[in-house]
Amino acid sequence: MTTATADQFGALTLVADGDAYVIGNPRTRCYVAVPAIGAEVIRWLQAGDSIAVAAARAEELAGEPVDVTDFLHVLTAEGVLDTEPDPTDEPPVGRTWQRCGRVLFSPIGWAVQGSLALAGAAAAIHNPSLRPHASDIVVAGSPLASVLVMSLAAVLCTLMHEAGHVLAAAARGIPSRLSIGRRLYFLTAQADLTALWSLPRAQ
């Protein structure tokens, strides 16, 4: 294994998960669960300790020898520890996406969204003709045309929904991917939020 630097260990995230810890790398989107002693080893390496010093401290803490080198080999094999990152890599989350996410999910953003939802409900209560009705799905001159239009609308709404997940993650600096595929003949969109393992569950 190529020797990793303190900066490369610093890119790793540690999140408590019950009695274990999830160690991950947001850039590679790889995560593994390890015992608490593994999390301590990573913290020591992030602080600048050498592998030998970390191994000695781990042995003292565990009361038995700890193979830190093998532990780091496993992290490398699992894609968590990236010992040779590309120096030209861009930040995991673009500034524009991050800024948009922070605006949308800021207290003001939530207040605007809540106000719009309440205004819509109030309008429907005040004016019964605005309430949804089964006939609303007939938007064109023929049933087939209506089905096609509504299907397109459903796909667009799905994209907007999944984009909301992407922006919510970006607001906290978490990278994600939005992919478009199909299930049989249905178009689908899906946000890959694997990197959320970098955040505590409460967030």
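Me: How do the axes of helix H5 and helix H7 cross, and within what distance do they come?
Reply: In this predicted model, local features need pLDDT of at least 70 and side-chain atom pairs count only at 80 or more, while totals for chains, interfaces and linings use all residues. Side-chain values use heavy atoms, with hydrogens and water left out, and residues are numbered from 1 along each chain as its sequence is written. The axes of H5 (residues 95-104) and H7 (residues 143-171) cross at roughly 100 degrees and come within 7 Å. Helices here are DSSP runs of H or I, at least four residues, and strands are runs of E, at least two, numbered from the N terminus. Axes are lines fitted to C-alpha atoms, for helices over the stretch in contact, with angles from 0 to 180 degrees between N-to-C directions.

Me: What makes H5 roughly perpendicular to H7?
Reply: Angles of 65 to 115 degrees count as roughly perpendicular (under 35 is roughly parallel, over 145 roughly antiparallel, the rest oblique). The crossing is roughly 100 degrees, so H5 is roughly perpendicular to H7.

Me: What about E1 and E2: how many bridges join them?
Reply: 5 again, and these strands run antiparallel. Ala-16 has Tyr-21 of E2 as its bridge partner.

Me: Why are E1 and E3 called edge strands?
Reply: The open sheet has the order E1-E2-E3, and E1 (13-17) and E3 (30-34) each pair on one side only.

Methods:
Pairing = 2+ DSSP bridges.
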